[in-house]
Amino acid sequence: MSKQKILIICYYWPPAGGPGVQRWLKFVKYLPDFGIEPIVYCPENPNYPIIDESLVDEIPNNVTVLKQPIKEPYGFANMLSKKSSKKISSGVIPKAKKQSLIEKLMLYVRGNYFIPDARKNWVNPSVDFLSNYISENEIKTIITTGPPHSLHLIGLNLKAQTGVQWIADFRDPWTTIGYHKALKLTESSKNKHLTLEQNVLNTADKIIVTSNHTKNEFQSKTDQPITVITNGYDSHSIRVEGKDKKFTLSHIGSLLSERNPAVLWEVLSELVDEIEAFSGAFQLNLIGVVSDDVVESIHQHGLVQFLNVVGYVSHEEAIKFQMKSQLLLLIEIDSEDTKAIIPGKIFEYLISETPILAMGPKDADVERIITSTNTGTYFNYNQKKELKNQIMAYFESYQKNSLEVNGIGLQKYHRKALTEQLVSLVR
């Protein structure tokens with residue numbers, strides 16, 4: 001019996017690095033176990049801000065990957081400022097008061113001339129190519145995943161032309177995502193985004209989101225069925241020799257300008273000054289893209305001698321850091337808009353056997369996950385005293401060699417279990 005075919009339309013695919021690529025890489029890995037043949041469509045010549053060649057080895061050998069050229073504006077942007085272009089494309093947007101004239105111009109052009117995003121010119125060529133492919137290969141279901149949300153416009157057009165079942169997967173919200181406000185949008189541009197978002201939400205046969213907050217937001221905008229399928233973790237055979245000797249607090253992933261937990265730096269600075277043993281053992285690891293504003297803030301709090309900025313590492317190395325560290329930091333912007341954001345790394349954090357110290361807005365989806373799985377502690381930005389007491393408690397456990405975590409209910413976040421949820425929507 002032949003397997004059911006589904007076409008997955010994505011921008012991020014190996015060798016792209018970062019969390020955006022892993023969601024569908026893992027779905028593709030497990031879909032054949034449920035009698036479904038995934039076919040991936042992605043750009044032939046994309047401009048990925050982060051490259052991780054190790055992820056290429058994780059692509060299943062028998063999967064069909066279709067590639068078509070894409071024209072992106074980053075060549076022009078690089079002519080203006082290669083450094084600024086790379087930073088902005090990777091999500092590092094400087095605070096408004098620190099933006100150069102070139103950066104302000106680039107953000108304005110990006111926001112108002114490339115709606116919904118810089119991949120808009122890939123929509124029409126993709127529709128032309130895929131409409132024929134869908135017909136010739138008897139594809140009954142397509143899935144678009146964004147951001148970039150231009151890919152949902154590919155689905156919108158293919159739905160109109162072919163009548164194929166279309167599932168729109170939102171890894172992040174569209175018009176309420178934090179960086180959206182930094183794009184210097186005119187009222188006309190804001191309305192264009194809202195109209196496109198509305199068209200996608202009302203035309204897709206089914207919608208997938210990664211958090212309950214995004215589901216609640218979208219339910220106020222559409223009557224189409226919405227399902228929450230979070231990101232997750234996959235089994236691996238990576239091993240480390242043991243935990244770090246130092247009391248390491250490690251943040252894995254991007255730490256952008258607005259995601260700067262000054263209250264945490266204050267607490268750590270006080271502990272360093274007040275407790276000699278803490279000062280002798282403490283180390284702060286930042287693994288991934290870090291904004292200059294965050295580093296400057298850490299310096300201002302007198303923590304420079306404890307700071308270890310590692311930069312971007314491969315996925316495998318990131319997992320090793322998670323397993324070796326004494327504590328894992330998970331930081332989110334203190335904003336109503338970020339309650340829906342569940343960083344992909346949290347699910348690997350859950351199985352790292354390392355306690356999580358998280359900060360973010362009250363009642364965020366991340367808080368529910370950490371609390372329900374018994375994998376760490378979560379604080380709001382106004383809980384300085386409680387945060388300090390908890391770090392001190394973790395340090396005392398570290399001194400006694402008893403710092404550990406006992407997670408519960410983690411299996412539902414395994415990539416295969418999540419793929420089973422996806423399959424129930426496809427059929």
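**Exercise 1. Find which residues T214 is in contact with, leaving aside its neighbours within four places in sequence.**

Step 1: Start with the ground rules. This is a predicted model, where local features need pLDDT of at least 70, side-chain atom pairs count only at pLDDT 80 or more, and totals for chains, interfaces and linings use all residues. Residues are numbered from 1 along each chain as its sequence is written, and side-chain values use heavy atoms, with hydrogens and water left out.

Step 2: Go to helix 7 (residues 212-219), where T214 sits. Helices (H or I, at least four residues) and strands (E, at least two) are DSSP runs, numbered from the N terminus.

Step 3: List the partners. With those sequence neighbours set aside, T214 touches P173, V209 and A340; contact means heavy atoms within 4.5 Å.

Step 4: Look for a polar contact (a pair of N or O atoms within 3.5 Å; within protein, one must be able to donate a hydrogen and the other to accept it, and residues adjacent in sequence count only if both atoms are side-chain atoms). The T214 side chain makes one with the side chain of S211, at 2.9 Å.

Step 5: Classify T214. Buried means under 20% relative accessible area, exposed over 50%, and partly exposed in between (1.4 Å probe, protein chains only). T214 has a relative accessible area of 1%, so it is buried.

**Exercise 2. Work out which strands pair with strand 9 (residues 282-287), and in what sense.**

Step 1: Recall that two strands pair if DSSP finds at least two bridges between them.

Step 2: Take strand 8 (residues 247-252). It pairs with strand 9 in the parallel sense over six bridges, and F247 has F282 as its bridge partner.

Step 3: Turn to strand 10 (residues 307-309). Three bridges join it to strand 9, and the two run parallel; here L284 stands opposite L307.

Step 4: Strand 9, helix 10 (residues 292-300) and strand 10 make a right-handed β-α-β unit. Right-handed means that, with the strands pointing away from the viewer, the path from the first strand over the helix to the second runs clockwise.

Step 5: Check the covering. Five of the six residues in strand 9 are buried.

**Exercise 3. Say why the pair Y11 and Y12 is edge-to-face or stacked.**

Step 1: Get the cut-offs. Rings of Phe, Tyr and Trp (its six-membered ring) pair if their centres lie within 6.5 Å; planes under 30 degrees apart count as stacked, over 60 as edge-to-face and the rest as tilted.

Step 2: The structure holds 17 aromatic pairs. For Y11 and Y12, the ring centres are 4.9 Å apart and the planes are at 85°, so this pair is edge-to-face.

Step 3: Y11 and Y12 are both buried, and the charged end of R119 sits over the Y11 ring, 4.2 Å from its centre. (The test: NZ of Lys or CZ of Arg within 6 Å of the ring centre and within 35 degrees of the ring normal.)

**Exercise 4. Describe the backbone at P116, P148, E353 and N374.**

Step 1: Keep the background in mind: most residues other than glycine have a negative phi, and most peptide bonds are trans.

Step 2: The I115 to P116 bond is cis, with omega near 5°, and so is the P147 to P148 bond, with omega near 0°.

Step 3: E353 has a positive phi of about 60°. It lies in the loop between helix 12 and strand 12 and, at 60% relative accessibility, counts as exposed.

Step 4: N374 has phi near 60°, in the loop between helix 13 and strand 13. With a relative accessible area of 44%, N374 is partly exposed.
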